[in-house]
Amino acid sequence: VRDVKRTIPWFRSAAWVEGSGSEASSAASTSRERVRAALRIGILVFCGYYLGARLGLALTFFPTPVSVLWPPNAILLGALLIVPTSQWRIVVAAALPAHLLAELQGGVPIPMVLCWFVSNVTEALIGAACVRALRPAPIHFDSLFNVIAFLLAASLGVFLSCFLDAAFVALNGWGHSGYWEVWRVRLLSNVTAALTFVPVIVTWPRRDSELRSAKPRRAFEAMVLAAALFGVTALVFDSGLPMSVVPALIYLPLPFLLWAALRFGPAGAGISFAIVAILVIWGTGHGNGPLATNLPSENALSVQIFLMFTGPTLLCLAAVLKERTRAEQQWRMSDRRFDLVLEATRDAVYERDIATGRVWWSGNGLAHYGYRQDQWPADSASFLDLVHPQDRERLTRARDAAVKGKKQVWESEFRLRRSDGSHAQVHEQGLIVRDPDGKAVQKIVILMDVTERNNSEALNERLAQASRMTAMGELTASIAHEVNQPMSAILSNVDAAEMLLESGRQTSGELREILNDIRDDDLRACEIIRHIRGLATKREIDCEPFDVHELILAVLRLVGTTAKMRGVTLTSAFGDVPHVYGDRIHVQQVLLNLIFNAMDAMGDLPEQERRLQVTASQLEPERVTIRVRDRGHGIRPEHLARIFDSFFTTKKEGMGLGLSIARSLVEAQGGTIRAENNPGGGATFSFTLPVAASGGAESPAESR
Amino acid sequence: MSIPLVHIVDDDGAARKALGRVLSGAGFETRSYASAAEFLIAERDEGPSCLVLDVGLPGMSGVELQSALATREEMPPIVFLTGRGDVVTSVRAMKAGAVDFLTKPVRRDALLAAVRVALERDVEQRARHEELRILRGRLDRLTVREREVFDRVIQGKLNKQIADELGTSVRTVKAHRAQVMSKMEVRSIADLVSAAAQLEVGSQAGEARHFLPPAAEPLQ
């Protein structure tokens with residue numbers, strides 16, 4: 001994330017600088033920005049180049065016309081690397097006056113000065129172009145690939161431009177060195193400079209960088225490090241003390257350079273290395289330190305080799321560390337995200353090593369169940385202690401079966417003891433990790449608290465039953481009538497039989513007929529009672545194929561008396577529909593609910609208009625649609641969307657549960673329910689039920 | 001005298017059949033109907049009869065059938081049967097002249113007792129109807145002037161008063177009066193007043209008039 005943050009301002013300023021169309025909301029302000037940015041680049045390059053040239057001249061040791069370290073070229077390369085390609089001409093244009101200013105002070109002839117400018121610019125352009133070709137975006141030294149790309153590109157630029165430069169020197173007859181000597185000296189000097197200064201420029205902490213927003217403690221550490229590095233390097237390379245001549249002492253700055261790379265990344269490494277490089281060159285140039293052993297030109301070579309091998313190593317180290325840190329951050333972030341998800345779901349996740357039985361918890365662990373972290377079981381045996389004794393064996397069996405079998409996942413449900421001693425209903429989902437031989441090595445288990453879900457399922461069932469009981473209350477008259485009818489027929493038949501017997505006539509045929517009728521009536525009464533008992537008892541969904549006609553007729557018979565009392569005419573119409581698959585009692589309940597609603601809706605109409613029709617038809621191949629159509633006032637359009645919501649009601653004493661229960665019952669059977677207004681007034685409620693699979697007995701699995 | 005006939009109207013086939021068995025076992029002739037409409041369009045016999053009627057019929061209910069029959073001047077005594085003790089309905093039915101209001105399931109003794117009462121009432125009713133029919137026939141034989149005299153005689157007016165009111169002589173009134181007595185086949189003024197009371201004419205006590213509107217045809 002931090003990396004992205006750092007690149008965004010760069011891109012934005014680049015976009016301004018290039019004046020891209022999308023950003024050109026205000027042409028005036030855009031062009032002003034563009035000029036300002038160009039000016040800033042120009043001034044920085046001019047100052048950098050000039051100061052670099054002064055530094056390079058200061059580090060030039062006679063009699064060679066080439067500096068040990070020639071920074072201007074490196075500064076030019078660094079500048080080209082950090083600005084967009086379109087700004088390169090500004091960089092080159094700004095460097096020219098600085099070059100002239102610096103070189104002409106040294107009394108160099110103008111042609112030679114100009115030739116050097118050409119070779120310097122060539123070097124920087126080759127290096128920058130190669131880097132850009134490999135890495136189109138602005139380069140950061142935070143990956144090994146980038147660092148190596150930079151090292152190769154910069155070296156190539158120097159290598160090629162040196163042929164040109166040496167030729168220019170020979171042409172201008174400057175100095176006394178031969179072509180190859182100039183070539184060699186310039187090559188080493190410029191490579192050293194590129195390695196020393198470009199990283200500083202490229203990694204210099206810019207806007208939003210971590211170093212800019214560093215905390216005081218870190219700033220203090222940086223200052224201590226800088227002071228120590230400066231002190232040690234100055235002591236070893238520039239103190240002139242006799243002891244400093246010991247060659248092994250050149251390693252003394254190393255711990256501090258590593259410290260910088262380790263703690264402050266590529267930027268720290270780059271700056272530290274630049275400090276060391278300048279001090280080493282300065283000290284050695286003045287004949288101090290372990291590298292100042294021979295002629296100045298030979299000393300320069302030692303210094304360059306020392307720096308050329310120290311710098312890249314340090315840069316690579318910092319880049320690798322950076323890569324490592326980034327990967328770790330990403331991993332940590334995804335781990336954190338995982339933990340957050342776990343926290344949000346309140347699920348507990350643990351891993352278990354199968355061989356040792358050890359358990360590791362993730363996220364909140366068992367905090368949701370009231371346990372402190374030190375109470376979370378550390379092995380499977382103590383975990384099992386938390387499982388309800390009655391569930392232990394079942395759980396163990398399910399797990400063992402999953403491990404032994406070829407299965408990859410298992411699911412189980414058990415009761416887990418909370419810290420307060422109560423039990424939570426827990427759903428366990430496990431994944432088995434196997435080694436290449438298929439041997440189970442690890443289990444990853446997710447525990448979900450489903451207590452509430454189960455409770456709400458139970459609540460729903462209780463509500464559904466309450467609604468059935470309400471329906472039964474409304475049906476009392478019908479039920480009494482329906483049961484009473486066969487009962488009274490039975491009584492009369494018994495009376496008649498008795499009278500026949502009293503008459504003393506030959507009556508066996510008649511008596512048999514009467515007994516048959518009594519049996520039929522008794523069965524009829526039992527059938528009605530069975531229907532009602534279904535409504536009254538608490539039950540779970542029980543789907544089976546059944547005949548919709550039969551069910552609708554039974555329901556209409558049941559509500560017949562009630563409808564008559566309310567002055568409602570009931571009619572029904574059936575298409576040729578197949579058997580459906582569902583729960584009879586629930587369908588009956590839904591139908592009763594819809595019929596009662598329809599009768600309520602027609603309560604204030606004149607009696608001849610209170611008509612209610614129940615139809616069944618097969619509109620889709622896989623579904624049967626049952627409609628209840630009334631002639632009432634219909635449903636207000638703004639209510640249509642909410643009519644199946646819980647606690648939504650338009651009735652004065654309604655609870656708003658009937659239709660929501662109806663919907664949950666229909667959906668539990670794989671159907672849908674909807675309400676609409678009839679074009680001619682009134683409303684139609686319709687629900688669908690899945691068609692029973694042909695053969696009748698088998699059921700579509702998804703309807704459960 | 002023919003066998004008493006009991007009409008059973010009940011939408012429940014089993015109940016109909018069972019009631020029929022009990023009633024025929026007790027020696028009655030029975031006829032069954034599944035709905036009020038079926039009963040209304042059926043042909044009637046002359047003999048004594050009554051109605052065992054289920055209140056909760058589909059379509060036209062038992063009570064509705066009762067009032068429909070009343071407008072047709074058919075007054076077979078009705079024994080109502082009901083599945084539930086609905087006080088309002090039973091009061092209305094009893095006020096409209098029902099013999100009894102029995103709750104299903106109905107015991108044989110209660111049913112037979114009610115049916116017997118109903119049949120007795122039917123016999124009485126038929127006798128009263130017959131008498132009325134005869135009286136009505138006699139009344140119809142009176143001329144307009146005789147009817148005017150009749151109305152005034154039963155109001156207790158003297159011949160003189162009647163003659164004054166009708167603008168005629170006492171002698172003429174006397175002649176008409178003798179004619180009325182003869183046509184109405186009564187021997188005394190007291191008998192004439194009693195016949196008038198039965199016919200519910202000429203007096204102010206005509207609240208039950210709708211049972212026998214003067215213009216209606218006699219009961220068949």
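Rings of Phe, Tyr and Trp (its six-membered ring) count as a pair if their centres lie within 6.5 Å; planes under 30 degrees apart are stacked, over 60 edge-to-face, and the rest tilted. By that rule there are 17 aromatic pairs over all chains. The model is predicted, so to speak of local features takes pLDDT of at least 70, and side-chain atom pairs count only at pLDDT 80 or more, while totals for chains, interfaces and linings use all residues. Residues are numbered from 1 along each chain as its sequence is written, chains are lettered from A and ligands numbered from 1 in the order written, and side-chain values use heavy atoms, without hydrogens and water.

Look at A:Phe159 and A:Phe163: their ring centres are 5.4 Å apart and their planes stand at 90°, so this pair is edge-to-face. Both lie in helix 6 (residues 144-172) of chain A, four residues apart (helices are DSSP runs of H or I, at least four residues, numbered from the N terminus). Together with A:Tyr179, A:Trp180 and A:Trp183 they form one aromatic cluster.

Now turn to where the chains touch, with contact meaning heavy atoms within 4.5 Å. Chain B brings 23 residues and chain A 21 residues. Six salt bridges are counted between them (a side-chain nitrogen of Lys or Arg within 4 Å of a carboxyl oxygen of Asp or Glu). One of them joins the side chains of A:Asp517 and B:Arg21, at 2.9 Å from N to O. On the chain B side, helix 1 gives the most, with eight residues.

Conventions:
Helices (H or I, at least four residues) and strands (E, at least two) are DSSP runs, numbered from the N terminus.
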